[in-house]
Amino acid sequence: MDTDVIVAGAGPVGLALATELALAGTRVVVIEGLAERSGQSKAMNLQPRTAEVLDLRGLLSRADGRSIGRIDEGHFAGIPLSYEGLDTRYPYQVGILQGRIEAVLEERLAELGGELRRGWELSGFEQDAEGVTVRGPETLRARYLAGCDGGRSTVRELLGVEFPGTEATRYTTITDVVLGAGTEEPPTGWTTMGRTRRRRADGSFASVIPIGEPGLYRLVYFDGLSERTEVTGEEVAAALRTFYGEEYELLEVRHASRFSDASRQAARYRAGRVFLAGDAAHIHPPAGGQGLNLGVQDALNLGWKVAAVVSGRMPETLLDTYHAERHPVGARVLDNTRAQGALSASGLECTALRKVLAELLDVPEANRAIAAMITGLDIDYGGPGPTGTRLPDFRIGAGWASGLFHSGHGVLLATDERHLAPAKPWADRVTALLVDELPWPDVEAALVRPDGYVCWTPPGEAVSPALRAWFGEAG
């Protein structure tokens with residue numbers, strides 16, 4: 001084998017998966033067709049759960065250092081969602097351009113000894129009982145292949161996995177532009193996004209958002225386009241005038257593209273030795289800013305599992321839990337983005353529906369429930385009590401529980417020493433620690449997977465079976 005895992009795609013999902021594998025000592029090669037990052041702003045936010053995920057690996061401070069600010073609320077089809085009161089240390093979105101997240105992950109991958117090959121276009125692959133042979137500028141052999149190569153995934157297409165869903169009916173334009181002052185100085189703060197949004201009665205809209213460089217802004221607009229065409233500078237200038245009049249002067253269009261409201265999900269996230277993650281597994285409109293976050297969380301779920309199987313500690317059956325856990329999460333995001341699309345349509349019925357929903361979301365409990373869904377904080381993989389849910393970060397001595405996950409190991413926390421003793425034979429892969437209290441009342445122990453989700457709590461059987469089920473045999 002040339003390597004253990006080949007990851008196709010060097011976007012945030014592919015790089016997150018590769019760093020997770022390399023952290024566990026798995027040999028990984030990332031292949032990417034682009035010779036360099038495009039420079040387009042693309043995704044612009046980390047939802048609270050993704051901030052927590054980066055913190056689990058000690059990377060959030062690096063991202064924070066490159067952020068363009070914070071925004072303290074989200075939205076559901078433009079209806080405000082308050083993040084206040086969410087059970088997280090990060091009740092806000094971290095504003096950061098996708099390229100900067102990629103840079104953080106790329107740097108970390110290099111530190112861990114992972115390899116990134118740019119200008120490497122995948123043209124085909126075959127899998128057998130032992131591994132996958134990948135063809136491109138050269139032939140590479142690995143035990144597994146992960147397709148993180150976007151919505152038009154070559155890996156998914158060659159794999160022949162069905163990608164059912166709905167066709168595009170409208171196209172929204174996204175541009176990175178340089179603006180000068182017109183009658184009004186352009187906004188400078190990340191939290192000005194809502195103030196600069198323009199919505200018209202026919203359902204068209206536009207927004208201007210500063211993206212961290214003097215004069216550089218993202219202009220997003222929908223003007224009724226129902227088919228994909230090339231974006232021209234004249235069109236961008238006309239859209240700016242239509243929605244903002246003479247407020248801004250267009251000096252330059254750096255990047256321009258379109259995204260659609262197409263919504264699809266792969267029927268299977270795993271086919272033998274090949275996996276799909278991120279946009280290769282699911283596409284949807286960017287309503288609520290969930291796409292990058294959904295994909296990075298796919299990567300964290302998959303990475304430690306593949307690493308455990310490659311190491312020989314866990315059987316192949318562990319890999320089936322990737323589809324079982326992440327496919328429903330992706331389906332739920334597709335549902336809520338479709339719902340937001342319906343709420344954003346024109347017509348008296350949709351206007352009335354928005355009014356009713358806005359009144360419902362004025363109820364704090366309802367607002368908090370939808371905010372938890374959009375942020376990814378309410379993900380539940382199933383089980384009694386807190387089992388299947390994320391471990392909320394909490395103080396342990398002078399530090400935080402999240403710091404225990406930097407190594408990529410599992411964690412066993414208990415308020416009674418008797419729950420810790422059985423974990424000693426797993427000390428090479430599970431950190432066991434006595435704590436004064438846990439985040440849930442009347443819970444005296446919790447075994448937590450490397451991705452931060454609880455996989456065992458008492459009462460019931462002892463911890464040893466859960467340790468074997470998720471971390472392999474002792475020793």
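The expected span of a helix is 1.5 Å times one less than its number of residues. I kept that rule at hand while looking through this predicted model.

**Entry 1: helix α10**

I started with α10, residues 364-375. How far apart should its ends be? With twelve residues the helix should span 16 Å, and its end C-alpha atoms are 16 Å apart, so the expectation and the model agree.

Next I looked up which residues of α10 are buried, and found Asn367, Ala371, Ala372, Met373, Ile374 and Thr375. The elements covering these buried residues include α2, β5 (73-76), β6 (79-82) and α8 (320-343). Just past the helix I stopped at glycine 376, which has a positive phi of about 85 degrees.

**Entry 2: α2 against α7**

Helix α2 (residues 48-56) turned up again, this time beside α7. Their axes come within 9 Å and cross at roughly 35 degrees, and the crossing is left-handed. Which residues make the contact? From α2 I noted Arg49, Thr50, Val53 and Leu56, and from α7 Asn293, Val296, Gln297 and Leu300. Sorted by class, I have four nonpolar, three polar and one charged.

**Entry 3: the largest nonpolar core**

Nonpolar side chains tend to be buried together in soluble globular proteins. Here I looked at the largest nonpolar core, which has 101 residues. Leu145 and Leu447 touch the most other members. Helix α7 (residues 291-310) gives the most to this core, eleven residues.

Leaving aside residues up to four places away in sequence, its contacts include Val411, Leu412 and Val430. Further along the chain, Leu447 also touches Tyr453, Val454, Cys455, Trp456, Val463, Ala466, Leu467 and Phe471.

Methods: Residues numbered from 1 in each chain as written. Predicted model: local features only at pLDDT ≥ 70, side-chain atom pairs only at ≥ 80, totals over all residues. Heavy atoms only, no water. Core = buried A, V, L, I, M, F, W, Y, C linked by side-chain atoms within 4.5 Å. Buried < 20%, exposed > 50% of the residue type's maximum accessible area, 1.4 Å probe, protein only. Helix = DSSP H or I, 4+ residues; strand = E, 2+ residues; numbered from the N terminus. Contact = heavy atoms within 4.5 Å. Axes fitted to C-alpha atoms, helices over the stretch in contact; angles between N-to-C directions. Left-handed = near helix turned anticlockwise from the far one by under 90°. Nonpolar A, V, L, I, M, F, W, Y, C, P; charged D, E, K, R; others polar.
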